[in-house]
Amino acid sequence: MLTLAASGMSAAEADTLRVRTSVWADVTAVAGSAAVNAAATEILKHSVHARRPDGSSLDSWPSRHTSWAFAILGSAGYRAARYSGWWLVGAHTAANIVALQRVAAGRHYPKDVLGGAATGIASVAAGELFSRLIFHGQPPVFYKGDMPAHGSVDAFTAAIIPLGRIGDGQELHTGVMTGLRYTCRLNDTWGLGAEASTSYFPLDRDGMRQPRLHTVGMAVGAVARFGIGIGDIEARMMAGAQHNSRTGTISRWSMTGSATGAVMFNISRSAVVGAEAGYEFRTMGSLLSAVSISIISRVRF
């Protein structure tokens with residue numbers, strides 16, 4: 001918080017009421033987000049008795065580390081996004097790394113880090129609201145959306161909710177997927193996209209818990225984007241392949257496909273935030289259908 005305040009002071013003219021108000025509004029927003037996050041996370045962890053994957057305790061949901069990461073990095077990234085969208089995407093990517101590490105280390109299930117991410121994002125929103133109430137701040141300014149002339153890069157966090165079993169008594173539970181995506185412009189409406197992602201899923205076989213399924217994949221596809229005045233509505237269709245960590249009845253390689261729709265809001269000339277939902281399939285021995293829900297941060301070129 002002190003670093004943010006100092007950078008804000010040095011970047012503007014000194015000893016003006018507007019600068020002082022802006023700096024303290026930023027500090028209040030970050031501090032408010034941290035306070036709300038700490039309280040909400042601890043209340044949830046001690047109210048929801050969810051066992052950790054290693055059985056060490058009953059405070060698994062939500063993930064504290066993930067909640068902190070999305071709250072602190074998200075709040076800082078939101079403030080710095082006024083200068084460059086790369087700050088927002090970088091903050092989201094760093095928070096994603098924390099979330100995946102907690103699952104890979106066997107300390108949390110995907111639902112725990114998804115809960116942590118949601119708690120962190122809600123805390124950022126609460127901190128912003130608290131700051132605006134105190135300093136009579138203006139609501140967020142959204143800019144007209146269009147297809148960026150030189151493309152865009154997304155960082156995304158997604159919940160993947162399977163709609164059925166994958167055969168041979170095996171069942172995947174809700175997983176977490178994170179990744180990066182690049183979209184290049186073809187014209188005012190159409191673009192081409194490519195993404196790289198990784199995901200973790202809890203896996204059961206005949207009611208017995210198995211080691212988590214870890215996948216790494218790439219996909220390409222087409223994007224249609226329509227401006228709505230304060231942002232964009234996007235439709236995206238992607239197809240690709242993924243590598244699965246388990247063999248046996250789950251094939252080592254799978255084909256993937258997805259169709260999604262997103263609402264994106266331009267919070268600065270280069271930074272964009274949004275939410276996406278859709279349908280996807282994976283060929284994992286048998287066809288697996290799933291619903292995906294994503295949070296996206298974007299930098300426009």
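This is a predicted model: local features need pLDDT of at least 70, side-chain atom pairs count only at pLDDT 80 or more; totals for chains, interfaces and linings use all residues.

Biologist: How far apart are the closest N and O atoms in the salt bridge of Arg82 with Asp26?

Modeller: A salt bridge requires a side-chain nitrogen of Lys or Arg within 4 Å of a carboxyl oxygen of Asp or Glu. For Arg82 and Asp26 the closest N and O atoms are 3.4 Å apart. The two residues belong to distant parts of the chain, 56 residues apart: Arg82 lies in the loop between α3 (64-80) and α4 (85-104), and Asp26 in helix α2 (residues 17-47).

Biologist: Are these two partners buried or exposed, or something in between?

Modeller: The general idea is a pair of cut-offs: buried means under 20% relative accessible area, exposed means over 50%, and partly exposed is what lies in between. Asp26, with a relative accessible area of 15%, is therefore buried. Arg82 has a relative accessibility of 42%, so this residue counts as partly exposed.

Biologist: Which elements are linked by the pair of Arg64 and Glu42?

Modeller: The side chains of Arg64 and Glu42 meet in a salt bridge with an N to O distance of 2.7 Å. The pair links distant parts of the chain, with Arg64 in helix α3 and Glu42 in helix α2, 22 residues apart. Glu42 counts as partly exposed because its relative accessibility is 26%.

Biologist: What is the burial state of Glu280 and Arg282?

Modeller: Both Glu280 and Arg282 are buried. Their side chains form a salt bridge at 2.6 Å, N to O.

Biologist: Which residues are linked in a network of salt bridges?

Modeller: The network is made up of Asp154, Arg181, Glu195, Arg225, Glu234, Arg236, Glu276 and Arg298.

Biologist: Let us turn to the fold. How many helices and strands are there in the protein chain?

Modeller: The chain has five helices and nine strands. Along the sequence, their pattern is α-α-α-α-α-β-β-β-β-β-β-β-β-β.

Biologist: What share of the residues is buried, and what share of the contacts joins residues at least 24 apart?

Modeller: Of the 301 residues in the protein chain, 45% are buried. Among contacts between residues at least 6 apart in sequence, 65% join residues at least 24 apart. The accessible surface of the chain comes to about 14200 Å², and carbon and sulfur atoms account for 67% of that surface.

Biologist: May we take a single residue as an example? Where is Ser197 placed, and which residues is Ser197 in contact with?

Modeller: Ser197 is in strand β4 (residues 190-205). With a relative accessible area of 13%, Ser197 is buried, because the cut-off for that class is under 20%. Apart from neighbours within four places in sequence, Ser197 is in contact with Phe156, Met177, Thr178, Gly179, Thr215, Val216 and Gly217.

Biologist: Finally, how is a pocket described? Which residues are closest to the centre of the second largest pocket?

Modeller: One reads its volume, then its lining. The second largest pocket has a volume of about 520 Å³. It is lined by 24 residues, and those closest to its centre are Tyr78, Leu88, Ile121, Val124 and Val273. Two or more lining residues come from each of α3, α4, α5 (110-135), β8 (271-284) and β9 (286-300).

Biologist: Which element gives the largest share of that lining, and how does the lining divide by class?

Modeller: The largest share, six residues, comes from α5. By class, the lining of the second largest pocket holds 18 nonpolar, four polar and two charged residues.

Conventions
Residues are numbered from 1 along each chain as its sequence is written. Side-chain values use heavy atoms; hydrogens and water are left out. Helices (H or I, at least four residues) and strands (E, at least two) are DSSP runs, numbered from the N terminus. Buried means under 20% relative accessible area, exposed over 50%, partly exposed in between (1.4 Å probe, protein chains only). On a 1 Å grid over the protein atoms alone, a cavity is a set of points where a 1.4 Å probe fits but cannot get out, and a pocket is an open set with protein on both sides within 12 Å along at least five of seven lines; lining residues have an atom within 4 Å of a point. Grid points are joined across faces, edges and corners, and a volume is the space filled by probe spheres set on the points. Ala, Val, Leu, Ile, Met, Phe, Trp, Tyr, Cys and Pro count as nonpolar, Asp, Glu, Lys and Arg as charged, and the others, Gly among them, as polar. Contact means heavy atoms within 4.5 Å. Accessible areas come from the Shrake-Rupley method with a 1.4 Å probe; for residues, only the protein chains shown count as cover.
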